[in-house]
Amino acid sequence: MIPQRSSHIRSYVLRQGRISNAQQRCLDTLLPIYGIPYLSQSLDLENVFGRAATKILEIGFGMGETTAAIAQSHPQNDYLALEVHTPGVGSLLKQIEESGLKNIRIIQHDAVEVLRDMLADNVLDGVHIFFPDPWHKARHNKRRLIQPSFVAQLVKKIKPGGYIHVATDWQDYAEQVLAVLSNEKSLENTAANYASRPTYRPLTKFEQRGLRLGHGVWDLVFKKPSQNP
């Protein structure tokens, strides 16, 4: 018998979202070009992007506006973007087409399984996790993505000198993320507690509205120390 892989608590629920005609066209025509199918084998990221460059993993890109904006502003970097929801994938593909972006590839699959099965150790220069689902009800907190076991796995994939950047607008989640990242011995906080928003992370419309209403946003940036020569 082939042993079954252990299951994990998923940090998302697949919702039936409306897909526009434009998004469906992009899914049909562009996903075969910019999409990477999930396979239980390691990716060669330089081969995927066709060059040696800084490699950033974006986990849960939503409708893709932030990912597209960052990729457009930093053409020297390559972005591997993960999202499970089909309308968001179609939306990012549409933005890739409209902006002529060449430095984004998309995997529509569970981030935990992509980390486990598709990424070798020490291949990422950075990881962006912007506004993950807060699962704000206490009984659902176990579904939050940022858990010690997930971070321990993530750290293995990051090169020495690389970073993890998490942003959330839920204070309770921010406190949990701070505790989890602080307890990971392979990481160092770049700030006393929370970091100032790095200039590469653009403000979303949702975030701007929240700030006008007095809502907080917390950025956390932790680095994996460089190895000693």
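What follows is a guided walk through this structure, from its sheet to its helices and the side chains that link them.

A word on the ground rules first. This is a predicted model, in which local features need pLDDT of at least 70 and side-chain atom pairs count only at pLDDT 80 or more, while totals for chains, interfaces and linings use all residues. Residues are numbered from 1 along each chain as its sequence is written, and side-chain values use heavy atoms, with hydrogens and water left out.

Let's start with the sheet. Seven strands make up an open, mixed sheet, and their order is E3-E2-E1-E4-E5-E7-E6. Strand E3 (104-107) and strand E6 (188-189) stand at the edges with a single partner strand each, so one side of each has no neighbour in the sheet. The strand and helix names come from DSSP runs, numbered from the N terminus: helices are H or I runs of at least four residues, and strands are E runs of at least two. Two strands count as paired if DSSP finds at least two bridges between them.

Five of its six residues are buried, so E1 is largely enclosed by the rest of the structure. Here, buried means under 20% relative accessible area, exposed means over 50%, and partly exposed lies in between (1.4 Å probe, protein chains only). E1 pairs with E2 in the parallel sense over six bridges, and Glu58 has Ala81 as its bridge partner in E2. To get from E1 to E2, the chain passes through helix H4 (residues 65-73), and this β-α-β crossover is right-handed. That term means that, with the strands pointing away from the viewer, the path from the first strand over the helix to the second runs clockwise. E1 also pairs with E4, again in the parallel sense, over three bridges; in E4, Glu58 has His128 as its bridge partner.

Elsewhere in the sheet, strand E5 (residues 158-168) and strand E7 (residues 218-223) run antiparallel and pair over six bridges. Within E7, Val221 stands opposite His165.

Now for the helices that cover these strands. Helix H5 (residues 86-99) lies across E2 (77-82) and E3, at about 165° to E3. Helix H8 (residues 171-183) lies across E5, E6 and E7, at about 10° to E7. These angles run from 0 to 180 degrees between N-to-C directions, using axes that are lines fitted to C-alpha atoms, for helices over the stretch in contact.

The loop between E2 and H5 holds Glu83, which is buried at 8% relative accessible area. A polar atom of the Glu83 side chain lies 3.0 Å from the backbone nitrogen of Phe61. A polar contact of this kind is a pair of N or O atoms within 3.5 Å; within protein, one must be able to donate a hydrogen and the other to accept it, and residues adjacent in sequence count only if both atoms are side-chain atoms. Beyond its neighbours within four places in sequence, Glu83 has contacts (heavy atoms within 4.5 Å) that include Gly60, Gly62 and His109.

In H5 itself you will find Ser91, also buried, at 11%. A polar atom of its side chain lies 2.7 Å from the backbone oxygen of Met63.

Side chains of opposite charge can pair when their charged atoms come close. Here a salt bridge is a side-chain nitrogen of Lys or Arg within 4 Å of a carboxyl oxygen of Asp or Glu, and the whole structure has 10 of them. One joins Arg25 and Glu97, with the closest N and O atoms 3.0 Å apart. Arg25 sits in helix H1 (residues 21-29) and Glu97 in H5, so this pair ties together parts that are 72 residues apart in sequence.

Asp121 and Lys157 form another salt bridge, at 3.2 Å from N to O. Asp121 lies in the loop between helix H6 (111-118) and strand E4 (124-130), and Lys157 in helix H7 (residues 148-157), so parts 36 residues apart in sequence are tied together. Asp121 is partly exposed at 43%, whereas Lys157 is buried at 5%.

Last, look at the start of helix H9 (residues 205-212), where a side-chain oxygen of Thr204 reaches to within 2.9 Å of the backbone nitrogen of Glu207. Just after H9, Gly214 takes a positive phi of about 90°.
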